[in-house]
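Colleague: I'd like to learn how to read helix packing and pockets. Could you walk me through an example?

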Amino acid sequence: MEVAQLTSPAVAALNSGVILAIPLGATEQHGPHLPLSTDLDIAVALCARLAAARGDVVVAPGVPYGASGEHAGFAGTLSIGQSALELLVVELCRSATASFSRIVLVNAHGGNVEALRRAVALLRSESRDVQMVWPDFGAGDAHAGRTETSIQLQLNGLRVRLGEAAPGNTRPLAELLPELRASGVAGVSANGVLGDPTGATAAEGARLLDHAVTALLTTLGRWWPLVEEGPQG
């Protein structure tokens, strides 16, 4: 159920325990073969699957901008920075808790994590029931590699330029972090890829999404156990 498609009275008629899932991503380079919207596409897809699996989840419009300063230097990257992202999420959730008692931020961009953690800590200090999740796809590469390419092939293969997919820097992310912090992605990968997208398949993307959704459902079940009665309206 998408909140933006409902009327105001329909939202008012929802059960009090409904969870609002807010997808958060970024608009940033994902190598020469993936769209700038990749992170948001993934977050939106995960929220849709959560709503399909749990009758008490409704999905907000996604937030397409995040903290993507590490991708500066690549055309098309649009970043609002950590401070603006933190403020945006705080004010958005303060507004949302007037209609929804529970909020889960489903974040698919690593650069957003620290700002979201600060936002959630502040919101929870105000007694707002807000949580943040960062999807677990299991083992995989860091950015625009086989993991994200496989997922995009599953979501919409027409948006993937496989003929332009090429390996970038394939060193482990933990090893790259000092250089990334110092010089950004452009300093460690000429094509903006951290990983190797070659060999990606839609079938692998389906498995990765299933793995992530299962983990998210387990986490939500721990925070907010599912009751039989779903939302009305």
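Predicted model: local features only at pLDDT ≥ 70, side-chain atom pairs only at ≥ 80, totals over all residues.

Colleague: Fine. Helix 2 and helix 7 first: at what angle do they cross?

Modeller: For any pair, start with the angle and the distance of the axes. Helix 2 covers residues 38-53 and helix 7 covers residues 202-223; their axes cross at roughly 60° and come within 10 Å.

Colleague: Why is helix 2 called oblique to helix 7?

Modeller: Angles from 65 to 115 degrees count as roughly perpendicular and those under 35 as roughly parallel. The crossing here is at roughly 60°, and that makes helix 2 oblique to helix 7. As for the hand, helix 2 passes helix 7 in a right-handed crossing.

Colleague: Which residues in helix 2 and helix 7 meet?

Modeller: From helix 2 come L46, R49, L50 and A53, and they meet L209, A212, V213, L216, L217 and L220 in helix 7. Sorted by class, this contact has 9 nonpolar residues, 1 charged and no polar ones.

Colleague: What about helix 2 and helix 5: is their crossing left-handed or right-handed?

Modeller: Left-handed, in this case. The angle between helix 2 and helix 5 is about 60°, and their axes lie 10 Å apart, so this pair is oblique too. On the helix 2 side the contact uses T38, D39, D41, I42, A45 and R49, which meet E148, I151, Q152 and L155 in helix 5. By class, that contact has 4 nonpolar, 2 polar and 4 charged residues.

Colleague: And how far apart are the axes of helix 3 and helix 4?

Modeller: The axes of helix 3 (residues 81-96) and helix 4 (residues 113-125) are 8 Å apart, with a packing angle of about 35°. Helix 3 passes helix 4 in a right-handed crossing. Helix 3 brings Q82, L85, E86, V89, V90, C93 and R94 to the contact, while helix 4 brings E114, A115, L116, R118, A119, L122 and L123. Those residues divide into 9 nonpolar, 1 polar and 4 charged.

Colleague: Which helix gives the most to the lining of the largest pocket?

Modeller: Helix 6, with 4 residues. Helix 2, helix 3, helix 4 and helix 5 are also among the helices that each supply at least two. Across the lining, the classes are 16 nonpolar, 17 polar and 11 charged.

Conventions. Residues numbered from 1 in each chain as written. Heavy atoms only, no water. Axes fitted to C-alpha atoms, helices over the stretch in contact; angles between N-to-C directions. Left-handed = near helix turned anticlockwise from the far one by under 90°. Contact = heavy atoms within 4.5 Å. Nonpolar A, V, L, I, M, F, W, Y, C, P; charged D, E, K, R; others polar. Parallel < 35°, antiparallel > 145°, perpendicular 65-115°, else oblique.
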